[in-house]
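Subject: Structure for you to look at

Dear colleague,

I am passing on the structure we talked about, and below it you will find my notes on what turned up in it. Please read them with the structure open beside you.

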Amino acid sequence: MSLTTAHSVVAPSANSKRIAGAIIIAYALISIVPLLWIFATSFKTPPDSIAYPPKVLFQPSIEGYCNLFTTRTRQTPEYINSLGPATGFCDETVRKRNMVIAGPSNFLPRFANSLIIAFGSTFCAVFLGTLSAYGFSRFKVPLADDLLFFILSTRFMPPIAVAIPIYLMYRELGLSDTALGMILLYTAVNVSLAVWLLKGFIDEIPREYEEAAMIDGYTRLQAFWRTVLPQATTGIAATAIFCLIFAWNEYAFAALLTSGTAQTAPPFIPTIIGEGGQDWPAVAAGTTIFLVPILVFTILLRKQLLRGITFGAVRK
């Protein structure tokens with residue numbers, strides 16, 4: 001007669017659940033406070049933004065957003081009076097400080113550069129990473145382990161360690177301060193992460209699906225397109241989020257390799273100068289707007305991200 005030892009899983013107690021819930025809520029509150037402070041600062045006036053002690057209750061103003069989207073020049077009261085009535089809130093606000101709006105700022109072009117470069121490099125990295133991961137997963141690649149380690153090793157060093165060589169190379173190739181150059185660079189940095197993440201996802205997809213498709217007359221490429229890609233959507237979405245976060249927030253390469261035409265928002269926002277120094281409401285307004293696309297993208301793909309992180313944790 002054989003004895004079987006049954007291992008029972010002990011459910012967490014009610015107190016443990018309450019403690020865990022309290023820790024999670026406290027962590028969430030601590031994490032969100034800086035974001036809320038930035039958002040609140042974007043609606044302060046310049047004097048309120050540097051007040052000491054800091055003002056929690058204040059009269060909201062969109063002066064920071066006006067300063068973010070416009071450039072202003074100081075003029076005499078006589079010249080301002082000769083312009084006639086103010087044409088809008090921003091015009092009225094700057095006139096109270098004896099200034100007039102000279103034209104639009106460079107924020108929108110820099111923000112557009114961030115969108116083009118970040119999403120363009122993310123698409124390229126995920127596309128190349130998917131093809132490479134499929135090759136490593138399905139075919140016998142010579143020295144596959146060594147190649148995968150080499151691909152991963154490109155992420156070992158900090159970006160600033162290779163910034164100078166890349167700067168010299170880009171200057172010779174004419175890629176400095178170009179969107180194409182930044183897309184290629186961010187793609188090269190992100191493709192290693194994409195290959196490693198996606199290989200794990202594709203390894204989890206049974207080969208039998210492709211074999212059955214090819215028996216039905218599909219080519220290898222058609223089988224990949226119709227059977228592998230639909231099942232790898234979760235992994236592709238999770239990988240895209242990680243790649244986009246890096247490309248969207250990257251500062252070192254953007255500050256070194258761009259200065260005007262292809263400059264992105266991260267190196268531009270800290271340079272916003274107002275009257276008498278740093279225009280903190282405008283900086284906070286730029287930061288708030290800069291957070292919106294990555295926040296929306298992550299929320300739209302949050303289910304895929306959660307499933308992607310836990311994918312493969314439990315095998316059948």
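Helices α10 and α11 are oblique to each other, since the axes of α10 (residues 207-215) and α11 (residues 220-231) cross at roughly 140 degrees and come within 9 Å. Please bear in mind throughout that this is a predicted model. The crossing in which α10 passes α11 is right-handed, and the contact is made by Tyr209, Glu210, Ala213 and Met214 on the α10 side, with Arg220, Ala223, Thr227, Val228 and Gln231 on the α11 side. By class, the residues of this contact of α10 with α11 comprise 5 nonpolar, 2 polar and 2 charged.

A second pair of helices is α6 (residues 107-138) and α12 (residues 233-249), which pack at an angle of about 140 degrees with their axes 9 Å apart; that angle makes α6 oblique to α12. Here, too, α6 passes α12 in a right-handed crossing. From α6 the contact draws on Phe111, Ser114, Leu115, Ala118, Phe119, Ser121, Thr122, Ala125, Val126 and Thr130, while α12 contributes Ile236, Thr239, Ala240, Cys243, Leu244, Ala247 and Trp248. The contact of α6 with α12 has 12 nonpolar and 5 polar residues, and no charged residues.

Helix α6 also packs against helix α9 (residues 179-203), at an angle of about 40 degrees and with the axes 6 Å apart. In this case α6 passes α9 in a right-handed crossing, and the residues of the contact of α6 with α9 divide into 18 nonpolar, 8 polar and 3 charged.

Turning to the aromatic side chains, the structure holds 12 aromatic pairs. One of them is formed by Phe43 and Tyr65, whose rings lie 5.3 Å centre to centre with 45 degrees between the planes, a tilted arrangement. This pair links distant parts of the chain, for Phe43 sits in the loop between α1 (14-41) and α2 (46-49) and Tyr65 in helix α3 (residues 63-69), 22 residues apart. Phe43 is partly exposed, with a relative accessible area of 24%, whereas Tyr65, with a relative accessible area of 16%, is buried.

Another pair is that of Phe69 and Phe107, which is edge-to-face because the ring planes stand at 85 degrees, with the ring centres 5.6 Å apart. It likewise links distant parts of the chain, with Phe69 in helix α3 and Phe107 in helix α6, 38 residues apart. Phe69 is partly exposed at a relative accessible area of 30%, while Phe107 counts as buried at 0% relative accessibility. Both rings belong to a cluster in which ring pairs link Phe69, Phe107, Phe111, Phe119, Trp248, Phe290 and Phe297.

Note on methods: Residues numbered from 1 in each chain as written. Predicted model: local features only at pLDDT ≥ 70, side-chain atom pairs only at ≥ 80, totals over all residues. Heavy atoms only, no water. Axes fitted to C-alpha atoms, helices over the stretch in contact; angles between N-to-C directions. Helix = DSSP H or I, 4+ residues; strand = E, 2+ residues; numbered from the N terminus. Parallel < 35°, antiparallel > 145°, perpendicular 65-115°, else oblique. Left-handed = near helix turned anticlockwise from the far one by under 90°. Contact = heavy atoms within 4.5 Å. Nonpolar A, V, L, I, M, F, W, Y, C, P; charged D, E, K, R; others polar. Phe/Tyr/Trp six-rings, centres within 6.5 Å; stacked < 30°, edge-to-face > 60°. Buried < 20%, exposed > 50% of the residue type's maximum accessible area, 1.4 Å probe, protein only.
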